[in-house]
Amino acid sequence: MTEYNGYSFFGPSTLKELLEEVALFDGSIAFLAGGTDLIIELKKGKKKPHLVIDVSQIPELNGVHEENGFLHIGSATTFSQLARHPLIVEKGLCLAQAARKIGSEQIRNRGTLGGNIASASPAGDCLPVLLVLEAMITLQNPDGVRRLPLSQVLQGSGRTCLTPNELITGIDFPVLDGGYVSGFEKLGSRTAVTVAKLNLAAVIKVDQENHSITEARIAVGALGETAFRLPDLEQNLVGEINPFLLHLFEDMLTETVDNAISGRYSHPYKREAIRGLAEDMFVNLFGASSVPGGRTHG
Amino acid sequence: MVLEMTVNGKAIKVEVNPNARLLDVLRENLGLTGAKEGCSGEGECGACTVIMDGKAVNSCLVLALQARGKEIITIEGLESNGELDRLQQAFIDQGAIQCGYCTPGMIMAAKALLMGNPHPSEAEIRLGIAGNLCRCTGYLKIISAIQEVAGTNLRKGGQDDDGV
Ligand SMILES: Cc1cc2nc3c(=O)[nH]c(=O)nc-3n(C[C@H](O)[C@H](O)[C@H](O)COP(=O)(O)OP(=O)(O)OC[C@H]3O[C@@H](n4cnc5c(N)ncnc54)[C@H](O)[C@@H]3O)c2cc1C
Ligand code: FES
Ligand code: FES
C-alpha cells in the first residue's frame, strides 16, 4: 500500500476537456462542484481521490432553460441561482422554495443541484422535490450518456448508481403549467439535532372549476435511506376538495412516519411534527383559508 | 500549481498546493489573516467569509484553485486610503464588536448583502447573516450597524441621517 499524498487538481472549462481527461486518467476521480460536502470530506480524509476535477467553471453545466415543455438545469447550477430564477419560480416553484431554505447564503452561493443529488443524503432538500417534479437525471462518462429517473439514481444513504468516472451533467423535468401548484416545506436545519429533520414536497393539479384535485404527487425525505414518493396518499388526495382533506393528509403522513421509522428514537417526535409540515404545506399551496382558523403562514 | 486571481483589486499570481483551500492561501500565502477558521472548516460559522465575484462564500469550502480567474474581496480590501469602510465604522459605532472573532466574516456577509440589495429589511439582514455565528453580541447591535448603513434603522425611528 502506498501512502495517500493528496490529490491533483484539474479545472476544465468545457465538458469535452473534462471527458478527455477522465478517459485518460488512471486512478480515482472525484468531481467537485460547490464543495460544500466534498471539501469537508476531503479534509477529514473520508474521501481520498487521486484527482479532483472542478466542474464549477464549465458554462455548459450551468444555467436553466426551457425546451419543448421541459425545464433543463445544468448540474452545477447553484441554489442561489435556482432560488430566484424566473423560469424555476414560474414553472417549478417547489424547487425554488427548497433552494431558498438550504443552509446559509454562503452555502446557497456555492452548493449545487448536481452535488445535492450525488451526495444522496437522506435529508437532501432537493431530492423529494425532484421526485415530485418527476425529474430525469442525465449522466455522462467518456463512453456515453444515459438519462434516468431520480428514483433509479438514488440507491441509499450516500449511494447512487453513478459509475466512478461518471458525472451528472443535467436535470430536466416537465414544466408545471398554470393548472399546477407546488411547494416545499422542511423542519430543522443541518446544525439542529438530527431528530428534527424532515422535509416534504408536493405537486398538485387543481381543477378550479370543479373545485377538485386531479393529480397529486407527494414525497418525503429524512424518513429512510432515500427520499420517496407516497403513491397511496397521492391517490387519496385526488377528488373533490373538502374541509376534511387536510385532516386526511395529516393522518396519512403520520401513518407514513409510523411505517417508516417505528421504534426509532425520533419516531414520536416526527409523527407529530409531520402534521405541522402538512398544515404549512396546505397554507403554501392553497392559501391561509385552507386550514382551520385560516391562520397566517409562519 | 499556479493560481491567478484578483484579490482586493490586485492581480495575484501565486504557487499553491492543489489541496489548499482559498482560506489557507489567503491567510498563509498572502498574509490576509482577517478571514478566520472558526469551525474547523465545516461551513457552520461564517468566520471565513469572503466575497467572490460579488457573492459571500465560505473560503473554507472553496478549493484555492476554484478561485482561478475570480475576484476576491477580503476584509482587508474594504479600507481605502487608510479610511474604514462605512460598514466597518458602523460596527464600531454601534458596539457590534466584542471579541471580534466573527467580525471580519460578519462584515463581509453584510457587505455582500448590501452590494446586491442596498436597502435590506431587518428580515433580509437576518437571512443574509444567518450563516455567521457570533457568540458575544446577541446579533442586535450587528443588525443595527447594518441598518445604519442601509438607511433602514427603524430602531432609531427610521431616519436616513446619512443622506443615503
Ligand atoms: C453548513 C452547511 C449547511 C447545509 N445545509 C443543507 C441543507 O439545508 N439542505 C441540503 O440538502 N444540504 C445542505 N448541505 C449539504 C450540501 O450543501 C448540499 O448537499 C449541496 O447540494 C452539495 O452540493 P455541492 O455542489 O457543494 O457538492 P460538492 O461538495 O462539490 O460535491 C458533493 C458530492 O457530489 C459529487 N458531485 C458534485 N457534483 C457532481 C456532478 N456534477 N457529477 C457527479 N458527482 C458530483 C462530489 O464528488 C461529492 O461526492 C449543507 C452543507 C453545509 C456545509
Ligand atoms: S471556518 Fe467556519 S464556515 Fe468556514
Ligand atoms: S464579537 Fe465575539 S463572536 Fe462575535
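Q: At what angle do the axes of helix α2 (residues 86-93) of chain B and helix α3 (residues 103-116) of chain B cross?
A: In this predicted model, the two axes cross at roughly 125 degrees. They come within 10 Å.

Q: Why is α2(B) called oblique to α3(B)?
A: Roughly perpendicular covers 65 to 115 degrees, and roughly antiparallel needs over 145. The crossing is at roughly 125 degrees. Therefore α2(B) is oblique to α3(B).

Q: What is the hand of the crossing where α2(B) passes α3(B)?
A: The crossing is right-handed.

Q: Which residues make the contact?
A: From α2(B) come Leu87(B), Gln88(B) and Phe91(B). From α3(B) come Thr103(B), Met106(B), Ile107(B), Ala110(B), Lys111(B) and Leu114(B).

Q: What makes up the contact of α2(B) with α3(B), by class?
A: Six residues are nonpolar, two are polar and one is charged. Leu, Phe, Met, Ile and Ala count as nonpolar, and Lys counts as charged.

Now to chain A.

Q: How do you know that the radius of gyration of chain A agrees with a compact globule?
A: Set the value against the rule. A compact globule of 298 residues would have a radius of gyration near 19 Å. Chain A has 20 Å, so the two agree. Its C-alpha atoms fill a box of roughly 65 × 45 × 30 Å along the principal axes.

Q: What share of the residues of chain A count as buried?
A: Of the 298 residues, 51% do. The cut-off is under 20% relative accessible area.

Q: How many helices and strands are in chain A?
A: Chain A has twelve helices and 15 strands. Among its contacts with a separation of 6 or more, 60% join residues 24 or more positions apart.

Methods
Residues are numbered from 1 along each chain as its sequence is written. Chains are lettered from A and ligands numbered from 1 in the order in which they are written. This is a predicted model: local features need pLDDT of at least 70, side-chain atom pairs count only at pLDDT 80 or more; totals for chains, interfaces and linings use all residues. Side-chain values use heavy atoms; hydrogens and water are left out. Axes are lines fitted to C-alpha atoms, for helices over the stretch in contact, and angles run from 0 to 180 degrees between N-to-C directions. Helices (H or I, at least four residues) and strands (E, at least two) are DSSP runs, numbered from the N terminus. Angles under 35 degrees count as roughly parallel, over 145 as roughly antiparallel, 65 to 115 as roughly perpendicular and the rest as oblique. A crossing is left-handed if the near helix is turned anticlockwise from the far one by less than a right angle, and right-handed if clockwise. Contact means heavy atoms within 4.5 Å. The radius of gyration is taken over C-alpha atoms; the globule rule is 2.2 Å times the number of residues to the power 0.38. Buried means under 20% relative accessible area, exposed over 50%, partly exposed in between (1.4 Å probe, protein chains only).
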